[in-house]
Every structure is written in structure tokens, then in C-alpha cells.
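Me: I would like to learn how to read the features of a structure, one at a time. Please give the general idea first and then the case at hand.

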Amino acid sequence: MSSPVDPIDEPYGYLGMTRNPDGSVTRKLECFPIVPPSYKPDPNPFPVLTKDIPINLEKKTWARLYLSEIEFNSVPTKKLPLIIYYHAGGFVQGSAASLLFQNFCFRTAYQIPAVIVSVEHRLAPEHRLPAAYDDGMEVLHWIKTHNDCFLMGSSSGGNIVYHVGLRAVVSVDDLAPLKIQGLILHHPFFGGTQRTDSEVRLSNDKVIPPFVTDVMWELSLPVGVDRDHEYCNPMVGIKSEVLMRVKDQGWRLLVTGCDGDPLVDRQIEFTRMLKDKGLDVIAEFSDKGCHGCEFVFDSEADIFCGLVKNFVLFI
């Protein structure tokens, strides 16, 4: 997930980008290698079937579907839960075809089990926010046939889950018969103009240091706004009436984080705000690990999948 370039000296280089004079970027390095849906690891501990489905040809958005081979080949006894997944990458990099996220979805689809729909959304700065939210919402209208649906996202994908959730809860009738049961925010990506204690403490973090997240927000937020915009800072312009609708719909939320993540203080503050509004929130914060550690450490990934399984199956 990280680059050999020092993020403090060259945050754009750390992201595998060059900033051009006109504000655009040139991506020089694919930090997240791309694989086709037919890719399978060897050995393959999680036999899962995959398929790519177009969503919007004009926007070039699509989804990669995952289903455990065991579930595919067995006689169905009940409908599997559907998890719509939004990948990480700070809104500026990554893809539903990234090897990192494909392996993550293999494990999740197999261990829960569930049908995973991993969404390919447009990236910034070519398509600044709210483009990713628009794409995230469009996939809900595209599916629209499942009554046991969960939205899950990692890092910036967790941010997408929150903002798509706020849109979806005021469009419940339009989305029917799709019924969302809960939101899963895995190390959600939030920010603000003032540094938190964890951002100061982990200012030289090698995974997602504040110097790099500043650049991600600079590239992804609407032109002319700062990091206290509502897309970045959920503590600004809190939509109490919308959150009450989340409560009234009976949606549950799972928020995960860890002490080694510079974003952890923001995630904890966000979780407290949701609880103060009366929402049904499960907060799971570990005293070890780093941002996105579940992508690279099997033991942490297994723990996360266990949390998601219990949440989705309401154990």
C-alpha cells in the first residue's frame, strides 16, 4: 500500500503522481496492480467466482461480483446477504480491479458468506466529489432488487458509504424494493483543517501520513473549499434530521479503526456523534494495527471478516 518515495518530501510521488501546472495529475506508478476477474491466487484458500458487470458505459463505471463456489454449487436454503463494497484509495487511486481489493473481497465473500458487489467509481481530480457519491448511489438504483443489503467501504470507501447512506435514507421509496440493513465503515477516511492528536502523534506514519491525506483532499474536494467541507469533515453541518431517518429505518452501523491510524481520533469522534444522535452503532477499535492493515495481514483480515459476519448475520 505504500511507496518507496518519502511522503513528507514528495507526497505526490508517494501517490505515484506528478502534479501538472494546470492542476491535473499524471499517474506514473500503479500503486494498486490491476487483475482481471479471472485472476485466482495460487494457492487459492478462498474459491470464489467473479464476474464484471457494466453499470454506466458513459461514465465507465462497473462492478465486480463475487460469490463463493461452495454457495454457487450448493442447494440454496436461504438468500445470501448482499454487500455493496466501495474500495479505498483516497478518491484518487485504486480500482475494483485492484489485486489488493480483489483478495479482500475473495476472503469476505467466502468467509461470511455473501454476494459482494465491488464498485468501480470515478476518480479525482478528473472527477471531484461528489462524483464518487453519485456513482455509489447509481449502483443502488442499478441493483434495486434485494431486501438484505449492506453498504461497506474501506478508507475513502467508508466515507462514500456514509454519504451514500445519507442520500439513500431520504430515497427509500425510490430505491424499493432494495432494502438497506446497515452500513459498514472500515477505517473511514475523514479530515479537517485542524490536526487531531492522533494526526500529530502519527505525523510520520508510513501508510497514510497527514501530508498525503492533505493532497488527497486537495485533489478530491470541490475546487475552492477547504477540509472543513462536509464531504471531508462529518462533524461540520451535521444533518440531524437525516440521521434521525437512519435511526427510524432501523439501520445499524459498524465502524472499525485502530490506534496506529492517524485518522483514529476522527473516527472515534464520528462514532460518538452517531451514538449521541441515538443511532445503533457498533464501534470496534483495536489498540494495534495501521490504516488498512486488514488488506495485508491475514490475522487482522480474519478478525475483520468475523466482525462483518456477526454484524451482517446479526449474531
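Me: Which residues does UniProt list for "domain: Alpha/beta hydrolase fold-3"?

Reply: UniProt positions are given here in the numbering used for this structure, feature names are shortened, and annotations may be inferred rather than shown by experiment. For this domain the UniProt record, an unreviewed entry, lists residues 83-293. The model is predicted, so local features need pLDDT of at least 70 and side-chain atom pairs count only at pLDDT 80 or more, while totals for chains, interfaces and linings use all residues. Residues are numbered from 1 along each chain as its sequence is written, and side-chain values use heavy atoms, with hydrogens and water left out.

Me: What are the helix and strand percentages of residues 83-293?

Reply: Helices (H or I, at least four residues) and strands (E, at least two) are DSSP runs, numbered from the N terminus. The span 83-293 is 39% helix and 18% strand, and its end C-alpha atoms lie 20 Å apart.

Me: How should I read the length of a helix, and what is the reach of α4?

Reply: The expected span is 1.5 Å times one less than the number of residues. Helix α4 covers residues 131-143, which is 13 residues, and reaches 19 Å from its first C-alpha to its last, close to the 18 Å expected. Helix α3 also has 13 residues and reaches 18 Å, close to the expected 18 Å.

Me: Which residues of α4 are buried?

Reply: Buried means under 20% relative accessible area, exposed over 50%, and partly exposed in between, with a 1.4 Å probe and protein chains only. In α4 the buried residues are A131, A132, Y133, D135, G136, M137, V139, L140 and I143. An α-helix has 3.6 residues a turn, so residues three or four places apart point the same way. Just after α4, K144 takes a positive phi of about 50°.

Me: Where else is phi positive in a residue other than glycine?

Reply: F91 has a positive phi of about 70° and sits in the loop between β5 (82-86) and α3. F91 is buried, with a relative accessible area of 2%. H187 has phi near 50° and lies in the loop between β8 (180-186) and α7 (197-201). H187 counts as buried too, at 1% relative accessibility.

Me: Which residues are joined by cis peptide bonds?

Reply: The angle to read is omega. A cis bond joins I112 and P113, with omega about -20°, and P113 is in the loop between α3 (99-111) and β6 (115-120). Another cis bond joins A124 and P125, with omega about 5°; P125 is found in the loop between β6 and α4.

Me: How many residues has the largest nonpolar core?

Reply: In soluble globular proteins, nonpolar side chains tend to be buried together. A nonpolar core is a set of buried Ala, Val, Leu, Ile, Met, Phe, Trp, Tyr and Cys residues joined through side-chain atoms within 4.5 Å. The largest core here has 59 residues, and those with the most contacts inside it are I84, Y86, L140 and L151. Helix α5 (residues 156-169) gives the most to this core, with seven residues. A second, separate core of 25 residues includes F101, F104, F150 and L254.

Me: What does V164 touch?

Reply: Contact means heavy atoms within 4.5 Å. Not counting residues up to four places away in sequence, V164 touches Y86, Y133, G136, M137, L140 and L151. V164 lies in helix α5 and counts as buried at 0% relative accessibility. With the same exclusion, I84 touches residues including V117, V119, V139, L140 and L151.

Me: What is the volume of the largest pocket, and which residues are closest to its centre?

Reply: On a 1 Å grid over the protein atoms alone, a cavity is a set of points where a 1.4 Å probe fits but cannot get out, and a pocket is an open set with protein on both sides within 12 Å along at least five of seven lines; lining residues have an atom within 4 Å of a point. Grid points are joined across faces, edges and corners, and a volume is the space filled by probe spheres set on the points. The largest pocket has a volume of about 320 Å³. It is lined by 19 residues, of which N103, F104, R107, F295 and D298 are the closest to its centre. Helix α3 gives the most to this lining, with six residues.
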